[in-house]
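Subject: Structure handover

Hi there,

Here is the structure I promised to pass on.

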Amino acid sequence: MKRRYIFFRGLIDTLDLYTDEFVTIFSEQEAECLVVNAAEIEDEMIRLKAFLTEEVSAVISLNNIGLHLEFEDGRNIWDRFGTPFFNIMMDHPFHYKAALDAAPEQMVLLCMDRNHVEYVKRFFPHIRTVRFFPHAGIEYGKYIPIAERKIDVLYAGGLSRYAAEGLIPDLGRIQEFDAFALVKNALEVLIQNPELTTEYVIETCLKEINLTFDNKRLGEVITELRFLDSLAVSFYREKMIRTLAEHGVTVTVFGTGWDRCEWENTNVIYGGVIPSRQILELMNESRIVLNTMTWFKRGAHDRVFNGMLAGAAVVSDQSEYLQEQLSAGRQLRMFSLRGMEEMAETVKELLSSDACAQAMADCGYEEAKAHHMWKNRLREISDEL
């Protein structure tokens with residue numbers, strides 16, 4: 001029987017990039033794919049209903065898009081038709097508490113970090129199926145030798161501390177403890193101990209003031225204070241770029257917030273906010289692609305694999321998954337967030353030797369091409385799709 005899949009796109013540029021890649025992979029396998037425009041979902045319901053008149057193998061979506069669709073009777077579409085809904089969670093689950101609390105039975109949750117899997121099992125026990133599904137990369141554009149590339153160092157990622165401003169709740173409304181004091185303490189602990197997760201630090205800080213909540217209330221508190229995650233991520237992103245600039249390295253940055261920094265350095269070139277596909281093109285013109293995790297301690301980020309597949313030399317902060325999967329020094333260089341000076345010396349060393357950077361980039365490309373593309377990830381769950 002022909003495989004039939006449903007996808008959603010049209011809301012977020014980066015997610016559309018992944019979705020387009022998924023559709024291409026399944027279409028090449030001669031599967032029938034329905035791509036629903038989530039930005040015009042009311043108009044798309046007729047097409048969706050028609051597609052569902054025949055059995056659908058699975059819905060493959062990102063960050064809950066389409067998860068809670070209902071027909072006129074108010075029942076979740078996917079539960080009504082028994083359609084497996086593979087929900088790929090690109091961010092930490094604590095950002096989507098309301099959506100996950102009301103998840104349909106048919107949902108299979110795929111998380112980008114092993115810690116996220118543990119978090120879901122603890123705080124969303126009603127979710128029957130959750131598993132680790134690491135990031136992957138996309139090969140895009142033409143190959144250019146390292147020596148001929150125009151950009152020395154590329155970093156594509158915004159300063160999330162500005163986005164975090166919209167996540168901060170009314171801390172004075174929290175009655176059980178002094179939220180202002182706890183937030184200050186927790187952020188200091190995160191900055192000083194970047195190997196720790198945000199949820200662990202929040203729970204630990206609560207225990208230090210003799211507060212122990214059940215999982216329901218603790219999950220609510222962590223969700224309210226999740227902006228700490230974005231502040232810690234942003235702190236180290238900014239520190240990385242500033243350290244490089246102060247060491248005389250020219251860095252081209254893209255993403256929101258860089259134009260709002262309180263400091264300036266002529267070695268930082270701000271390119272604004274551009275489409276994700278254009279970032280992939282620019283990686284093909286970059287000697288070095290930088291990465292910092294979005295506080296993923298046991299996962300990865302697509303910047304790592306996209307950079308490798310672009311033939312660039314990749315420099316990233318370390319994680320359990322990257323250390324398991326990749327050979328540091330041969331396929332990429334990894335650094336500790338505690339060691340920004342060492343990171344800067346690593347970047348300068350790679351820039352000083354095109355031969356060294358090229359050798360590492362070639363090894364990284366071969367590894368990513370063989371094991372870390374989206375088709376590899378989808379193949380790992382092919383028995384369920």
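A word on terms to begin with: buried stands for under 20% relative accessible area, exposed for over 50%, and partly exposed for anything in between (1.4 Å probe, protein chains only). Please keep in mind that this is a predicted model, where local features need pLDDT of at least 70, side-chain atom pairs count only at pLDDT 80 or more, and totals for chains, interfaces and linings use all residues. Residues are numbered from 1 along each chain as its sequence is written, and side-chain values use heavy atoms, with hydrogens and water left out.

Let me start with the backbone. Most residues other than glycine have a negative phi. Asn-210 has a positive phi near 60°. At 71% relative accessibility, Asn-210 is exposed, and it lies in the loop that runs between helix H8 (198–208) and helix H9 (215–224). Helices (H or I, at least four residues) and strands (E, at least two) are DSSP runs, numbered from the N terminus. Glu-30, not a glycine either, has a positive phi of about 65°. Its place is the loop between helix H1 (13–28) and strand E2 (32–37), and with a relative accessible area of 63% Glu-30 is exposed.

Next, the aromatic rings. Rings of Phe, Tyr and Trp (its six-membered ring) pair if their centres lie within 6.5 Å; planes under 30 degrees apart are stacked, over 60 edge-to-face, and the rest tilted. The structure holds 15 such pairs. One of them is the tilted pair of Trp-78 and Phe-85, at 5.6 Å centre to centre with 50° between the planes; both residues are buried. Another, Phe-235 with Tyr-236, is edge-to-face at 5.0 Å and 85°. Here Phe-235 is partly exposed at 37%, while Tyr-236 is buried at 4%. Ring pairs also link Tyr-18, Phe-22, Phe-133 and Trp-374 into a cluster.

Asn-115 is in helix H5 (residues 114–123) and is buried, at 14%.

Happy to talk any of this through.

Best wishes
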